[in-house]
Amino acid sequence: MSAAAAAPGRSVGRGGKSDILHHPITRSVLPFLNGGAAGMIATSVIQPVDMVKVRIQLAGEGVGKAAIRPSAFKVAGDIIKQGKFLDLYSGLSAGLLRQAVYTTARMGFFTTFMNKITARAKTEGRPVTFGERTMAALSAGGLGAILGNPADLALIRMQSDGMRPLAERKNYTSLWHSTLVNWPSIRKAKLDLQRSRHLILGIAASAVAGFFASFFSLPFDFVKTRLQKQTKGPDGKLPYKGSLDCAMKVAKEEGLLRFYRGFGTYYVRIAPHAMLTVLFADWFLKLTG
């Protein structure tokens with residue numbers, strides 16, 4: 001059967017066979033599905049590190065500059081002593097939903113935007129610029145953040161619940177009970193890996209990209225965590241009025257370096273997660289290519 005004679009709604013794949021996998025609609029949806037699946041797998045691996053990162057960010061809140069600085073190993077040890085090893089995976093359901101929404105949207109939109117940008121650049125006889133790639137990443141990341149914020153809020157609430165006194169804990173059992181700088185760098189690392197075909201160079205590129213992504217994004221992540229964890233006090237008011245108020249109070253009461261406490265843990269969470277997401281997304285792309 002020729003391509004023209006193929007049944008409507010189906011495409012003709014390799015060897016002249018009808019192949020739903022190569023249908024235009026399927027091809028437009030696959031970047032979203034591949035990205036979401038890759039992000040969920042990466043989160044399942046990195047979740048304990050993320051749990052420790054959140055506890056470090058919240059430790060010493062309201063105590064001031066004299067607050068004790070817990071190490072990642074101490075935080076992890078305390079979590080295990082207070083409960084059990086699986087407590088390190090508290091909030092996993094929210095983390096997976098966040099990836100199903102945020103990473104699905106972020107990587108899907110990024111691939112869609114980049115395909116259009118690449119096609120336009122090709123017709124103009126020029127390479128894609130870093131500015132265009134960055135704009136695509138910021139747009140995709142912004143859309144993903146808007147969609148994934150509710151799940152992210154639930155994740156922080158579930159991960160911080162264990163820090164409360166027993167009488168004040170909500171004891172969340174699931175997500176339903178609880179109610180952007182890095183992507184261009186990781187994309188560049190991926191392109192370096194593809195060009196060099198050398199795994200060590202790819203890992204090194206991802207490590208460097210992860211460092212800069214962590215350095216620039218950690219203060220914002222810190223403020224986000226504080227805002228999402230806050231609850232009303234006895235006077236019925238929240239500790240912070242907004243992002244700027246939170247940042248100013250932390251800087252005044254706890255010092256500027258407080259924003260970077262737990263940098264090592266945050267880096268260990270960011271770099272491997274991004275690298276695993278890219279690797280799994282590429283693997284899924286090969287399977288569905």
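A residue is called buried when its relative accessible area is under 20%, exposed when that area is over 50%, and partly exposed in between, as judged with a 1.4 Å probe on protein chains only. By this definition Phe259 is buried, with a relative accessible area of 10%, and Phe222 is likewise buried, at 0%. The model is predicted, and local features need pLDDT of at least 70, side-chain atom pairs count only at pLDDT 80 or more, and totals for chains, interfaces and linings use all residues. Residues are numbered from 1 along each chain as its sequence is written, and side-chain values use heavy atoms, with hydrogens and water left out.

An unreviewed UniProt entry places the feature "transmembrane region" at residues 198-218 and 266-285; such annotations may be inferred rather than shown by experiment, their names are shortened, and their positions follow the numbering used here. Over residues 266-285 the chain is 100% helix and 0% strand, with its end C-alpha atoms 28 Å apart. Helices (H or I, at least four residues) and strands (E, at least two) are DSSP runs, numbered from the N terminus.

The axes of helix α1 (residues 24-58) and helix α9 (residues 263-288) come within 8 Å and cross at roughly 160 degrees, where axes are lines fitted to C-alpha atoms, for helices over the stretch in contact, and angles run from 0 to 180 degrees between N-to-C directions. That angle makes α1 roughly antiparallel to α9, since angles under 35 degrees count as roughly parallel, over 145 as roughly antiparallel, 65 to 115 as roughly perpendicular and the rest as oblique.

Aromatic rings of Phe, Tyr and Trp (its six-membered ring) pair if their centres lie within 6.5 Å, and planes under 30 degrees apart count as stacked, over 60 as edge-to-face and the rest as tilted. By this rule there are nine aromatic pairs. In one of them, the rings of Phe211 and Phe263 have centres 5.6 Å apart and planes at 80 degrees, so the pair is edge-to-face. Because Phe211 lies in helix α7 (residues 199-229) and Phe263 in helix α9, this pair ties together parts that are 52 residues apart in sequence. Phe211 is partly exposed, at 37% relative accessible area, and Phe263 is also partly exposed, at 22%.

Phe222 and Phe259 form an edge-to-face pair, with 5.4 Å from centre to centre and 75 degrees between the planes. Phe222 lies in helix α7 and Phe259 in the loop between α8 (243-254) and α9, so the pair ties together parts that are 37 residues apart in sequence.
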